[in-house]
Amino acid sequence: MPAFDLLIRNARAVTASDIFYCDIAVKDGQIVQLGRDLPSAAMEIDAAGRYVTPGGVDAHCHLDQPEAPPIKMADDFFTGTLSAACGGSTTVIPFAAQQKGQSLRAAVEDYHRRAGNQAHIDYAFHLIVSDPTPTVLGEELPALIREGYTSFKIYMTYDSLKLNDGQILDVLSVAREHGAMVMIHAENADCIEWLTQRLEASGKTAPRYHAHARPMLVEREATHRAIALGELVDVPILIVHVSGSDAVEQIRWARAHGLNVFAETCPQYLFLSAEDLGLDDSYGGARCVCSPPPRSKANQQVIWQGLADGLFTVFSSDHAPFRFEGEDGKKPGNKEQPFRHIPNGIPGLETRMALLWSEGVMAGLITPQKFVELTATNPAKTYGLHPRKGSLSIGADADLVIWDEREFVLTNSMLHHNVDYTPYEGMRLSAWPGLTLSRGEVVWDGMTFTGKPGAGQFLKRGLPTLLPRRCK
Ligand code: DUC
Ligand code: ZN
Ligand code: ZN
C-alpha cells in the first residue's frame, strides 16, 4: 500500500519566504511531507524542476451577486470557480451582499443557496454591510463573525451601498470589538455625483468619461477619510482596489504614522489605463469600466513599486463579470448607455495569477516569494484562512500550482469564465498554470478542467492573523 495518495517529484517549491527543491507528498488532501527522494505514491507527477506555488486565494471577486434587472453577473459559483481553478486559484472569497432593508442573515442564507452544490474549489464569504441597523450591529454581525464570516466590505460610494461617516465608525467599532477585518471601497460619492451631473449636462456620457467622473482625488480624499476613521476607532482596515499614486501616498502616510492600514490592488491597475475606456466616444471602452477606473500609464509604475516594496498586502482580481453583448451586461436593455448606467466591473479571476507571474516574476519586477505572499499567503492571513490555505507546508491543504513557462498570446477563447471578452485580449504572456491541485485532486492539467461541481467546500474562517496577538 503506497504511503501517499500523490507525490509531486522534483518541485522547485516557493513559499512567501523561501525557494527550495523537494518532493511534495499528499495524503487525504493535505501536504504530509516535504523531502528528498520520498517513497512512491499511488499517483506521481514529475514537476521536473518547475516552480510549484500555493494555489491562489482570490480574496476579492464577485460571483452571482444580485443586481437590478436586467443586469446580471455572468459568472456564478459553477463557472466562476471553474475559471478560477484553470487560472491557478484554489480558494475564492466572494461577497454575501446585504441590500438596504434586508437582514444580514438573510443575505448570507441567500448566498449559500446561490453557491449550492456548484463550487469546484473551496470558498468563503465576505459580508457587504449596506444597512448597519442596531440589530445588524448589535446582534447579526457579532454572531456572524463568531460563525466564521470574519471580514466585511463597506462602501463610501454607490447609492445602494454607501455608508456615511457615522455608520462607518459604527461598523469599525464592531470590527474592533470582535477582531474582524473591514475592507473599504474608498471613493467620495458626492464628488462623483457632482462631476457626473456636470459631464452629463455637457453631453459627455461616453464610457471614457467614467474616468473623468472618478479622478484620483476622489479616491485620495476617501482613502484619507477611511484612514482617519480607522485611527479614531483604533482598528486595522484594508483599502481595496487601490488604483494609483494619490491613494498610495495616503497609505504610505498612514504606515509612516504607525497605523495598521493594509491595501489591496488588482491587475487592472497594472495592465490597463484610462485610454482603454476609449480615446473617442465609441462604446467599446465599456468593457473596461470599473471603479476606481484605470489611471495613467505612469500610475502603473507606482502600483508595481507598491507591490515590490510591501505597500500592498494582497493582490486580488476584483472579478465583477458582465458580458459586453446582450441586455444583461455592459449594454443594459441592449442599448449603449451613458456611463452612469454601465455596470462597473471587469473579469479577471482566471488571468490574475498568470498576469502577475508572467509580467511580475518573469519580468524581474517581483520575486517568486513576493508573488506567493501577495496572491496566496497574505490573503489567507488577512481573512483567517492561514495556514490551511495559502501555505506550502506540512498540514496545509494540498492546493498547489505547477507553472508552465512558455510564450503565448492570450485570447478570450482560452478562458473558462462566462464573459464574452477579456480586457487582456492579445497580450503576450510567458506563463500559465500547467497544473492546479485542489486538496490533492487535479482540477486543471494545463489543457482540460477535470474538477467536479460540489467538490468545493465552504470555509468557516478564523480571525485575521496578519498582526501579532498576545497569547496568554
Ligand atoms: N467596483 C467595485 O467596487 N466592485 C465591483 C467592480 C467594480 O468595478
Ligand atoms: Zn469596491
Ligand atoms: Zn469589488
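**Exercise 1. The largest pocket**

Task: Identify which helices and which strand each supply at least two residues of the lining of the largest pocket, and describe the composition of that lining.

Solution. 
1. Strand S11 (151–155), helix H5 (189–201) and helix H6 (209–213) each supply at least two lining residues. The structure considered here and below is a predicted model.
2. The greatest contribution comes from H5, which gives five residues.
3. The space in this pocket amounts to about 1100 Å³. Its lining holds 44 residues, and those closest to the centre are Tyr158, Asp159, Ser160, Leu161 and Asn344.

**Exercise 2. The zinc ion (ligand 2)**

Task: Name the protein donors of the zinc ion (ligand 2), and explain why the arrangement of its four donor atoms is irregular.

Solution. 
1. The protein donors are Lys153 through NZ, His185 through ND1 and His241 through NE2, at 2.1 to 2.2 Å from the ion.
2. Four donors count as tetrahedral if all angles lie between 85 and 135 degrees. Around this zinc ion the four donor atoms subtend angles of 81 to 131°, and the arrangement is therefore irregular.
3. For reference, the ideal angle for four tetrahedral donors at a metal is 109.5 degrees.
4. Along the sequence, the donor residues follow the spacing K-x31-H-x55-H. Lys153 belongs to strand S11 and His185 to strand S12 (residues 181–185), so this pair ties together parts that are 32 residues apart in sequence.
5. Residues count as buried under 20% relative accessible area. Lys153, with a relative accessible area of 2%, is therefore buried. His185 is likewise buried, because its relative accessible area is 1%.
6. A further zinc ion, ligand 3, is 3.8 Å from ligand 2.

**Exercise 3. Salt bridges across the chain**

Task: For the salt bridges Asp404–Arg50, Asp165–Arg225 and Arg428–Glu407, determine which parts of the chain are linked.

Solution. 
1. The total count is 29 salt bridges.
2. Asp404 and Arg50 meet at 2.4 Å, N to O. Asp404 is in strand S16 (residues 400–409), whereas Arg50 is in the loop between strand S4 (41–46) and strand S5 (51–54); the two are 354 residues apart. Arg50 has a relative accessibility of 29% and so counts as partly exposed.
3. Asp165 and Arg225 form a salt bridge at 2.7 Å, N to O. Because Asp165 lies in helix H4 (residues 165–178) and Arg225 in helix H7 (residues 216–233), the pair ties together parts 60 residues apart in sequence. Asp165 is partly exposed, its relative accessible area being 28%.
4. Arg428 and Glu407 meet at 3.9 Å, N to O. This pair links strand S17 (residues 428–438), which holds Arg428, with strand S16, which holds Glu407, across 21 residues. Arg428 and Glu407 are both exposed.

Key. Residues are numbered from 1 along each chain as its sequence is written. Chains are lettered from A and ligands numbered from 1 in the order in which they are written. This is a predicted model: local features need pLDDT of at least 70, side-chain atom pairs count only at pLDDT 80 or more; totals for chains, interfaces and linings use all residues. Side-chain values use heavy atoms; hydrogens and water are left out. On a 1 Å grid over the protein atoms alone, a cavity is a set of points where a 1.4 Å probe fits but cannot get out, and a pocket is an open set with protein on both sides within 12 Å along at least five of seven lines; lining residues have an atom within 4 Å of a point. Grid points are joined across faces, edges and corners, and a volume is the space filled by probe spheres set on the points. Helices (H or I, at least four residues) and strands (E, at least two) are DSSP runs, numbered from the N terminus. Ala, Val, Leu, Ile, Met, Phe, Trp, Tyr, Cys and Pro count as nonpolar, Asp, Glu, Lys and Arg as charged, and the others, Gly among them, as polar. Donors are N, O and S atoms within 2.8 Å of the metal (3.2 Å for Na, K and Ca); water is not among the atoms, so sites may look incomplete. Four donors count as tetrahedral if all angles lie between 85 and 135 degrees; four count as square planar and six as octahedral if opposite donors are over 155 degrees apart and all others between 65 and 115; anything else is irregular. Buried means under 20% relative accessible area, exposed over 50%, partly exposed in between (1.4 Å probe, protein chains only). A salt bridge is a side-chain nitrogen of Lys or Arg within 4 Å of a carboxyl oxygen of Asp or Glu.
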